[in-house]
Amino acid sequence: MSAESQTFDPYRSPTLPEVPYAPPMTTGRPGWLTTLCVLCIVLGALGLMNSLLGAFGAIAGPAFQKAIQPKASAKMPQGFQDAQIEFQENINAVQAKYFWATVPALGFRAVAAVLLLIGGIRSLSLVESGRQTLLIACGVAVVFELLHAILQSVVAMDMMTIVNEYIEKVLQSVPKNNNGPDLGKIMPTIVRWSILGSLIFGFLIALAKIGLYIFGLVYLRKPHVQALFQNTSKPPLLSPAA
Amino acid sequence: MTLPEDPYQSPKAQQSYEPPKWSSNFSDAAAHAAGADRGLIGHVPIIALLLIAQGVSEIVFGLFGLAFTALVYWGPEKELSGMRGIGLLFAGISVPCLSIGVLRIVAGIFNYHYRRRILGITALACGLCTLITGYCAPTAIGLAIYGLIVYVNEPVIMAFQLGDSGRPRSEIRTAYFTRR
């Protein structure tokens, strides 16, 4: 019975017109695949930005640091100023020491990021070459994350030594206050735990990313997921049929 | 005396049924929605509001950065003149932050009405550039992941098509949320 032929009943909500049911055309893309692709796209974009910023830092880092560093005030104790200069020199020395390890790491990161970005976007559109690219990207990214975590921990250990030395020198240059807390003991502990905390946080993030990439490697090889990419008679993703 | 009508008889429904006066294309929208899964359509307003909130926070950060730059250049305190390098850095970060903040707010307003999905995706993607501020980075990353998952959902794409074709938000929501 169509709505127009019905008698009027004020207590009954109006019915919507009956139309022949036309099932919507869908790609049938599972939610897990969408989530994996989106995460890979975002991580790829972030990795690419990180590589560009890292390359800028490697090329122009010391000069840039010098340009933006606040000028030492004349009121500052001489020991403090010397400690600051030495600290900066030591940081630059550590960066120079690991330069030939960080530059290939930046390149490695950029390659992994581009693969993740392209693979993620193309897999979202259920293109088979995109799935293969994403599989390669996940493999490359797992290797990168493992190597990068090792490099980061080695660099962080060197940095921790430099920061501890700097804190000690700064505290020596500052006149002691006998009534207050013993900063000579508290400050190195705080600094040590801050660096360790950031290192642990970095490891946890790396672990989560490795977990995601391994999930991607396993999930993208499942037969029902592969079948989605083999089906060529699917509507385009970003403009569904009206 | 005869009454023209029997007062004890229930009134006869003689009026013909008139369909409710919704917008002319509501039937089409309903027809789409009737066969469609509602997917993540309910998340679109949440993302739109989060885009606006993130945009506001980025604008606040940008204004703070510009205020700091102004302070180190024109402030009365002579000690601050040594921080002009940082002031320039802040200005360099603040300008893109402000423009991305405005983009997010505009996209959020349109997306709230299920319009301009691509603008929303652009705002989410450009928003990742605020990573350099550190301040907005975690929320920007979270919002980008959540937003992209929702915006590539097929019922959401369909709802945005309805919105872009001129149907008001209330109709789209009614079409998707009153029928199962």
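**View 1. Chain B in overview: burial and helix content.** Buried residues account for 36% of the 180 residues in chain B. The model is predicted. Chain B holds seven helices and zero strands. Read from the N terminus, its elements run α-α-α-α-α-α-α. Of the contacts in chain B between residues at least 6 apart in sequence, 73% join residues at least 24 apart.

**View 2. Helices α2 and α3 of chain B.** Helix α2(B) covers residues 44–74 and packs against α3(B). The two axes lie 6 Å apart, at an angle of about 155°. Angles over 145 degrees count as roughly antiparallel, so α2(B) and α3(B) are roughly antiparallel to each other. The crossing of α2(B) past α3(B) is left-handed. By class, the residues of this contact are 25 nonpolar, 10 polar and three charged.

**View 3. Helices α3 and α4 of chain B.** Here α3(B), residues 84–112, packs on α4(B), residues 117–126. Their axes are 9 Å apart and the angle is about 150°. The pair is therefore roughly antiparallel. Their crossing is left-handed. From α3(B), the contact draws on Ile100(B), Leu103(B), Arg104(B), Ala107(B), Phe110(B) and Asn111(B). From α4(B) come Leu119(B), Gly120(B), Ala123(B) and Cys126(B). Seven of the contact residues are nonpolar, two are polar and one is charged.

**View 4. Helices α2 and α5 of chain B.** The axes of α2(B) and α5(B) come within 10 Å. They cross at roughly 155°, which means that α2(B) is roughly antiparallel to α5(B). The crossing is left-handed. On the α2(B) side stand Val44(B), Ile47(B), Leu50(B) and Gln54(B). They meet Thr139(B), Ala140(B), Leu143(B), Tyr146(B), Gly147(B) and Val150(B) of α5(B). This contact has seven nonpolar residues, three polar residues and no charged residues.

View 5. Ile149(B) sits in helix α5(B), which spans residues 137–151. A residue is buried if 20 or more other C-beta atoms lie within 10 Å of its own. Ile149(B) has 20 C-beta neighbours inside 10 Å, so Ile149(B) counts as buried. Neighbours within four places in sequence aside, Ile149(B) is in contact with Thr34(A), Thr35(A) and Val38(A). Within chain B, the C-alpha atom of Ile149(B) is 8.9 Å from that of Leu40(B). These two residues are 109 residues apart along the chain.

**View 6. Helix α6 of chain B and the residue that follows.** Helix α6(B) runs over residues 154–164. Eight of its 11 residues are buried, so α6(B) is largely enclosed by the rest of the structure. Glu154(B), Pro155(B) and Val156(B) belong to the buried set. So do Met158(B), Ala159(B) and Phe160(B). Leu162(B) and Gly163(B) complete the list. Just after α6(B), Gly166(B) has a positive phi of about 105°.

**View 7. Chain A in overview.** Chain A has six helices and zero strands. From the N terminus, the order of elements is α-α-α-α-α-α. Of its 242 residues, 17% count as buried. Among contacts in chain A with a separation of 6 or more, 82% involve residues 24 or more positions apart.

View 8. Helix α3(A) comprises 26 residues, 99–124. At 1.5 Å a residue, the helix should span 38 Å; its end C-alpha atoms are 37 Å apart, which agrees. Buried along α3(A) are Thr102(A), Arg109(A), Ala112(A) and Ala113(A), together with Leu115(A), Leu116(A) and Leu117(A). Gly119(A), Gly120(A), Ser123(A) and Leu124(A) are buried as well. The cover over these buried residues includes α1(A), residues 31–68, and α4(A), residues 128–173. Just after α3(A), Leu126(A) adopts a positive phi of about 60°.

Methods: Residues numbered from 1 in each chain as written. Chains lettered and ligands numbered in written order. Predicted model: local features only at pLDDT ≥ 70, side-chain atom pairs only at ≥ 80, totals over all residues. Axes fitted to C-alpha atoms, helices over the stretch in contact; angles between N-to-C directions. Helix = DSSP H or I, 4+ residues; strand = E, 2+ residues; numbered from the N terminus. Parallel < 35°, antiparallel > 145°, perpendicular 65-115°, else oblique. Left-handed = near helix turned anticlockwise from the far one by under 90°. Contact = placed C-beta atoms within 7 Å. Nonpolar A, V, L, I, M, F, W, Y, C, P; charged D, E, K, R; others polar. Buried ≥ 20, exposed ≤ 12 C-beta atoms within 10 Å, placed from the backbone. Expected span 1.5 Å × (residues − 1).
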